[in-house]
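Here's a quick walk through one model, taken piece by piece. Keep the viewer open while you read.

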Amino acid sequence: MSPPRAALAAALTLLLSPLPAPAAAAPAHPEPWAVCDNQPALHPEPPDAAVVVDPAVDADLHAKTSAHPPGTTFWLAPGTHTLGQDEFGQVMPKDGNTYLGAPGAVLDGQGINRFAFTRQARDVTLRGLTIQGFAAPKDQGVVNHDSGDGWVIEHNTIQRNDGAALMAGDRQQVRGNCLRDNGQYGMNAYQRGDGITGLVVAGNEITGNNTGDWETREPGCGCTGGIKFWAVDGADIRGNWVHHNHGPGLWADTNNNDFLIEGNLIEDNEAEAVFYEISYNLVLRDNVIRRNTWAMGRRFAERGDDFPVGTVYVSESGGEPRVPARTDRIEIHDNLFEDNWSGITLWENADRFCNSPANTSSGYCTRLVEEVAACARPGIETPPLDDDCRWKTQRVDVRGNTFRIDPAAMGCADRSCGRMAVLANYGTYPDWSPYHGFGVAGAITFGQDNHWSRNTYAGPWSFVAHDVARALDAAQWQAAPYHQDTCSSFTPDSPAC
């Protein structure tokens with residue numbers, strides 16, 4: 001296989017090549033994936049027929065957007081542009097509008113305005129801007145606040161805002177941006193209705209987000225990370241540098257499908273590098289994933305919680321041939337994992353299913369059942385609903401990866417780190433659930449086609465299977481009844497298949 005770092009650089013070169021050539025040479029990047037503080041100077045002069053926006057005139061951008069027809073190009077001159085003293089001061093683009101920032105053009109919310117670009121205009125382009133200081137509320141975004149379709153957002157720096165730097169719409173392209181130090185997310189990919197399709201996130205630097213520390217303010221909110229995806233059907237996430245976020249790096253939560261996460265550098269995030277939750281059909285390949293999940297792993301260890309925290313956490317998610325995608329599996333292959341708190345955890349909560357009070361995505365059903373109310377007695381007790389009402393961790397292939405760990409590097413001396421796991425809990429809730437007992441644990445471990453193979457390990461790894469009480473060494477993990485990690489190497493002199 002190609003080295004992941006080489007794949008990352010190649011992906012960036014490929015993905016960014018169609019963008020307009022800068023008028024002046026961009027600063028040399030210290031690394032091929034560094035975007036923040038290294039944006040190219042794309043538009044030093046206004047294009048022909050562009051409307052010039054004057055930073056000396058407060059709310060000039062709002063006024064000129066309102067006065068001109070759809071499809072107009074606006075050029076923001078160097079300087080700090082503002083949108084007035086009203087919290088709802090904002091720009092409302094029209095279909096096909098383009099907004100170009102000259103080098104040094106800043107759109108500043110002054111801590112007063114909630115949103116920068118709103119409404120549901122289609123096919124809007126934003127390029128070369130710095131957008132900062134907006135006060136979006138929790139779960140709302142500053143750019144494309146209303147999730148308009150077909151937006152192209154590239155080579156912008158969107159930083160130090162409350163809420164999310166941006167929202168996503170159908171067919172949105174997010175390329176070459178710095179999404180830095182925002183209060184909640186770098187991006188919140190959620191759209192009411194049928195959800196988002198055809199999302200591209202390529203060549204961005206996504207760092208330092210969740211400065212508001214929302215999981216501390218609202219424990220269990222599930223509302224933090226570099227990017228949060230919800231009901232996205234088709235996403236290419238390639239060549240990004242996702243690092244130092246105060247929570248997960250990439251979190252796909254609830255009925256996402258058909259994700260390609262490829263050629264990214266994901267490092268130093270406090271929680272999971274990749275969290276794939278009650279979702280379907282994923283390819284995770286050729287990524288460098290390192291030093292993630294330390295803060296979260298330590299919290300679990302300090303409170304005596306023996307759950308095997310995973311740096312890639314697959315929770316009630318799996319391959320499903322009945323949900324169309326480029327794969328009908330979850331494929332995790334040819335990645336480099338280095339000094340993360342742990343490796344990959346495949347988990348299924350026996351008490352979490354459509355119509356269960358334990359389902360934190362309340363009101364949502366699986367992609368296989370249309371009505372939540374259908375998942376109730378007596379129908380849920382027999383096929384097909386006894387299968388289709390569950391989000392299943394199934395058809396997962398973990399192959400050809402390299403896993404390296406040095407527990408001393410992260411101050412882990414009690415074997416709570418360096419684990420790989422496939423497990424479920426003992427089902428107890430609600431009282432009408434047909435999934436009581438260890439039936440789900442047996443299924444995820446032995447009956448749902450989840451396999452590790454041809455991986456390379458370095459360091460003191462251990463394994464958990466079926467439930468948290470079953471801790472295994474490598475030999476037990478490979479032996480009956482588990483038969484995991486066939487043709488894998490655990491020592492330098494391990495025989496190859």
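## Where the sheet ends

Start with Phe-463: its bridge partner in β36 is Leu-472. This is a predicted model, by the way. Strand β35 covers residues 462-466 and runs antiparallel to β36, with 2 bridges joining them.

Zoom out and you'll see an open sheet of 11 strands with mixed pairing. Its order goes β8-β11-β14-β17-β20-β23-β26-β29-β32-β35-β36. The edges are β8 (141-143) and β36 (471-472), and each of these pairs on one side only. Packed on the sheet is helix α6, residues 439-447. That helix touches β29 (344-348), β32 (419-424) and β35, and its direction makes about 130° with that of β32.

## One side of α4

Now over to helix α4, residues 294-302: which of its residues are buried? They are Trp-294, Met-296, Gly-297 and Phe-300. These four sit on the same side of α4, because they cover an arc of only 165° around the axis. The general rule behind such patterns is that an α-helix has 3.6 residues a turn, so residues three or four places apart point the same way.

## The annotated span

UniProt, in an unreviewed entry, places a "Right handed beta helix" domain at residues 145-293. In the model, that span is 48% strand and 3% helix.

Methods: Residues are numbered from 1 along each chain as its sequence is written. This is a predicted model: local features need pLDDT of at least 70, side-chain atom pairs count only at pLDDT 80 or more; totals for chains, interfaces and linings use all residues. Side-chain values use heavy atoms; hydrogens and water are left out. Two strands pair if DSSP finds at least two bridges between them. Contact means heavy atoms within 4.5 Å. Axes are lines fitted to C-alpha atoms, for helices over the stretch in contact, and angles run from 0 to 180 degrees between N-to-C directions. Buried means under 20% relative accessible area, exposed over 50%, partly exposed in between (1.4 Å probe, protein chains only). The arc is that of the directions from the helix axis to the C-beta atoms. UniProt positions are given in the numbering used here, feature names are shortened, and annotations may be inferred rather than shown by experiment.
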